[in-house]
Amino acid sequence: MTRIAVTGDDAVALAAKAVNPDVVAAYPITPQTIIVERFADFVADGEVDTEFVTVESEHSAMSACVGASSAGARVFTSTASAGLMLMYEIVFIAASSRTPIVMALANRAISGPINIHGEMTDQMLLRDSGWISLFCEDNQEAHDQTIMAFKIGEHPDVLLPVAVGLDGFILSHAIEGIIPVSRDKAQMFLEGERKADLKLDTTKPLSIGLLHLQDYYMEARAQIKDAQVDAKRIILEVFDEWEKLTGRKYKPIESYMMEDAEYAFITMGSSAGNARTTVDELRARGEKVGLIKIRIYRPFWGEKIVELCKNLKGLISIERAHSFGGPGAILSQDIKSCLYGSGVSPLLAEYTIGLGGRDTLIGDYHRMYERAKAAFTEGKNLPISWMGVRE
Amino acid sequence: MATEIIDIRLHGRGGQGVMTSSYLIAEAALLEDKYVHAFPSFGPERSGAPIAAFARVSESRFYVKTEIYKPDIVIVQDPTLLGQVDVLSGLKEGGLVIINTDDPNSEGVVNIKKSRSDAQFATVDATKIAAEEIGIKQTNTAILGALVNLTNSSIITLDSIKKAIMARFREEPAKKNINAVDRSFNEVSK
């Protein structure tokens, strides 16, 4: 199949075009801008049937999305960084209203100091919102996962919004070759229009977004908790269907060279590409090292991570995010939590890298490995440290 | 095994189409079924400010996603950068440097050549070519013919770069840009 040259943002816009959502409400922000611009082109050129709502802010964008999704529409939006921050109030309402909005995030650092470059903290903060949260290693994944996100979120056993993250600039503005999915294929995969049980229907009036106080609030939240659990089953089904449709295999947690690995990197997004390159170089030197790539951050597949860690001496967690004053960074807290009490306890090195677009080179990955291995050899963990910070 | 990757770093100024140059290299290479990763080193857009863009090209799939610090090839689209930006930074032993200049004997060009006797230097007056063929001094396509010539079509061919230009531009400007590519291919001096 012929690959076409597109940026990560274009890959997402083309995915949205194939999906042909009923409603898109979005506001441009670097490095997501291309997604919104391209999609506006598709609307203007009559290539999609979408009602494009040109809102005045991200708070309004997410509000319009919740309204449209509540009415039964298939809805897409996209933002980054400060845009997501402005949405936050409604982001939580989107989850509790059980509106399966799909939102692409061109992951970018949060101000301040003001910065437009890549970092994942923006999307990591969705952690406790009820959203399903996916990350992409390359533009093909950004394209594929944007389409799959609709099928995952809209499943009646899930009904949760889904965020699809692609690293700002390093994917969003980078040209790579992708095999695009056609409108026909996407529609076949999604089985036509969204089928919402609860929607705007004058013959079946209902209320959405009502007050829940001490009497019902916990039950409403508990349903999100249960839906996150059920989502794991649905995600596996959707990945299977995607493989049948495209031949491209997806797993929530991917592993590389893990069979005989004594040490492993664990990371997300485009960092996995650099870690994979480093694994190849270390393997060529005889190092028994592998890679665990987390594709789906929420729901968190802790049991799979535990399984992959069974024979490891040491695990090296690398993430483009941080938690000030926290017991580790963000992902590394999750990793520690799922290992606790599992009976599997590799030594752990925790690194925060690449904040605000700071480049982390393959040589840096080698240094992180060597430093971690030295600690592991002495039987020690390596507490959280920030790679590449000048002192 | 390590994948054979050609790392190209492009230097220019905001507004000269440096990003488009890197994209065109990737788009052309992809037409030859190669694997690519090309992106600009962005700041907030500033017209005239020194910027860089990167293009990685390989026959086989690769996964590295960093900026380029040890280029095989450096392309300098604006001669006024010489002496201001260390365009040779990290250039691999025996690497290729293509400089857009109207004066191959200028102090800047002579000095940079002296500083790396191992490297291969070539110059082309892409600004003049662009002005004459396209009507604007936008050197992003006019520099690429030189690249094809100097690399013996091993990274991208004239045919694929022309196809990439036709896919990216409307018919009329595409023709002009293709003429610029042809002239740059023929007029580059090694």
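**Two chains, one predicted model**

Let me begin with chain B, whose elements, read from the N terminus, follow the order β-α-β-β-β-β-α-β-α-α-α-α, which amounts to six helices and six strands; helices here are DSSP runs of H or I with at least four residues, strands are runs of E with at least two, and both are numbered from the N terminus. Before I go on, please keep in mind that this is a predicted model, in which local features need pLDDT of at least 70 and side-chain atom pairs count only at pLDDT 80 or more, while totals for chains, interfaces and linings use all residues. Residues are numbered from 1 along each chain as its sequence is written, and chains are lettered from A and ligands numbered from 1 in the order in which they are written.

Staying with chain B, its C-alpha atoms fill a box of roughly 45 × 40 × 35 Å along the principal axes. If we take the contacts in chain B between residues at least 6 apart in sequence, 67% of them join residues at least 24 apart, and by contact I mean that the C-beta atoms of two residues, placed from the backbone, lie within 7 Å.

Two residues of chain B deserve a look at the backbone. B:D33 is not a glycine, and yet its phi is positive, near 65°; B:D33 sits in the loop between α1 (18-31) and β2 (35-41) of chain B, and it counts as exposed because 10 other C-beta atoms lie within 10 Å. B:S153, also a residue other than glycine, has a positive phi of about 60° and belongs to the loop between α4 (144-150) and α5 (158-168) of chain B. With 16 other C-beta atoms within 10 Å, B:S153 is partly exposed.

Turning to chain A, we find twelve helices and 15 strands. Its radius of gyration is 21 Å, close to the 21 Å that the globule rule gives for 391 residues, so chain A is as compact as a globular protein of that length. The C-alpha atoms of chain A fill a box of roughly 70 × 55 × 45 Å, again along the principal axes, and buried residues make up 53% of the chain. Among the contacts in chain A between residues at least 6 apart in sequence, 81% join residues at least 24 apart.

Chain A is divided into domain 1 (4-246) and domain 2 (253-386), with bounds that come from an automatic or database domain assignment. The C-alpha centres of these two domains of chain A lie 28 Å apart, and their contact takes 27 residues from domain 1 and 20 residues from domain 2. On the domain 1 side, the elements that give two or more residues are α5 (121-124), β6 (132-135), β7 (162-167) and α8 (217-246) of chain A, and α8(A) gives the most, with five residues.

Within chain A, helix α10 (residues 302-309) and helix α11 (residues 331-339) pack at an angle of about 75° with their axes 9 Å apart, and they are therefore roughly perpendicular to each other. Axes are lines fitted to C-alpha atoms, for helices over the stretch in contact, and angles run from 0 to 180 degrees between N-to-C directions; under 35 degrees counts as roughly parallel, over 145 as roughly antiparallel, 65 to 115 as roughly perpendicular, and the rest as oblique. The contact is made by A:G302, A:I305, A:V306 and A:C309 of α10(A) together with A:I335, A:C338 and A:L339 of α11(A).

Chain A also has cis peptide bonds, including the one that joins A:T30 and A:P31, with omega about 0°, where A:P31 lies in the loop between β2 (23-26) and α2 (33-44) of chain A.

Finally, where do the two chains meet? In this model, 20 residues of chain A are in contact with 19 residues of chain B, and α9(A) supplies the largest share of the chain A side, six residues.

Terms used. A residue is buried if 20 or more other C-beta atoms lie within 10 Å of its own, exposed if 12 or fewer, and partly exposed in between; C-beta atoms are placed from the backbone. The radius of gyration is taken over C-alpha atoms; the globule rule is 2.2 Å times the number of residues to the power 0.38.
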